[in-house]
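Hi,

Here is the structure I promised to pass on. Have a look at it first, and my notes follow below.

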Amino acid sequence: MVVKVYGPAYGSTKRVLVCLVEKGIDFETVPVDLIKGEHKQPDYLALQPFGAVPVIQDGDCTLYESRAIIRYYAEKYKDQGTDLLGKTIEERGLVEQWVEVEAHNYHPPIYTLTLQILFASKMGFTADENLIKESEGKLGKVMDLYEERLSKSKYLAGDFFSPADLSNLPFTQRLVSEMGKEYMIRQRKHVSAWWDDISTRPSWLKVKDLL
C-alpha cells in the first residue's frame with residue numbers, strides 16, 4: 001500500500017519523506033500550499049485539526065507531527081531498510097533524547113530564522129533584525145552542544161544514522177543554502193563533518209528537490 005504524505009515542498013514534510021526513503025516505503029505526495037491557506041481548509045482540518053503539516057495516511061492510519069511519524073515508521077519497519085533506532089535500549093534512549101533536543105532546542109531558533117529571513121515578505125511582515133540576531137545566538141549555543149557530542153560519536157545518538165540526525169536535515173539545509181549562514185556549520189569542525197555526511201545521504205539527495 002502506498003503512503004500518502006500531505007505537506008508543502010519544504011520543512012517538516014521532508015523529515016517524513018527521508019524516513020520513507022531510508023525504509024524503502026512507497027509513497028505519494030499531496031502538496032499543501034501554506035501561503036494560500038490550504039492547511040486551514042475544512043478537508044485538511046479533518047485530517048489535522050491544528051492545521052499543521054505534514055500528515056500521512058497509511059491505510060486506515062492517519063498520523064500527524066513529523067517526529068511522531070518518523071518514529072512510527074522506524075518502529076513499524078524496523079527490519080526493513082536502514083535501522084534507525086539502534087540495537088539496544090540504551091541506543092534507543094539516546095535516539096529519543098536527541099530527537100527531543102532537536103525539537104525543543106534546535107528547531108525553535110532555526111524556525112524563527114526561517115520565518116524572519118525567508119518568509120517575512122511573503123507573509124506580509126517586516127523582518128525583526130533583533131529577533132534574527134537573538135535566534136542566531138540561541139542556535140549557535142545548541143550547535144556548540146552538538147559539536148561537543150559529535151566529538152565523541154559519528155552521529156548524535158551514536159555511530160548510526162537515526163531520527164535524531166534526520167530531523168535536522170530540512171531546516172539546516174535552508175540555513176546553509178538559502179539563508180547564507182553556512183559559516184555556523186563550518187566554524188564547528190565536528191558539526192561540519194556530520195553535516196557533510198548526512199546532507200549527502202542518497203535519501204536526502206532524492207528528497208531535497210522533491211515535490
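Glu65 is partly exposed, at 45% relative accessible area (buried is under 20%, exposed over 50%, partly exposed in between, with a 1.4 Å probe and protein chains only). Its phi is positive, about 80 degrees, though Glu65 is not a glycine. You'll find Glu65 in the loop between β4 (61–64) and α3 (66–76); helices (H or I, at least four residues) and strands (E, at least two) are DSSP runs, numbered from the N terminus.

Before you go further: this is a predicted model, so local features need pLDDT of at least 70 and side-chain atom pairs count only at pLDDT 80 or more, while totals for chains, interfaces and linings use all residues. Residues are numbered from 1 along each chain as its sequence is written, and side-chain values use heavy atoms, with hydrogens and water left out.

Pro54 sits in the loop between α2 (42–45) and β3 (55–58). For context, most residues other than glycine have a negative phi, and most peptide bonds are trans.

Now the salt bridges. There are 17 in the structure, counting a side-chain nitrogen of Lys or Arg within 4 Å of a carboxyl oxygen of Asp or Glu. One of them pairs Arg15 with Glu102 (3.2 Å, N to O). Arg15 is in helix α1 and Glu102 in helix α4, so this pair ties together parts that are 87 residues apart in sequence. Both Arg15 and Glu102 are buried.

Asp144 and Arg188 make another salt bridge (2.9 Å, N to O). Here Asp144 is in helix α5 and Arg188 in the loop between α8 (183–186) and α9 (189–198), so the link spans parts 44 residues apart in sequence. Asp144 is partly exposed at 41% relative accessible area, whereas Arg188 counts as buried at 10%.

Glu178 and Arg174 also form a salt bridge, with the closest N and O atoms 2.9 Å apart. Glu178 is partly exposed, with a relative accessible area of 43%, while Arg174 counts as buried at 11% relative accessibility. There is a network of salt bridges too, linking Arg71, Glu75, Arg92, Glu96 and Glu100.

Tell me what you make of it.

Cheers
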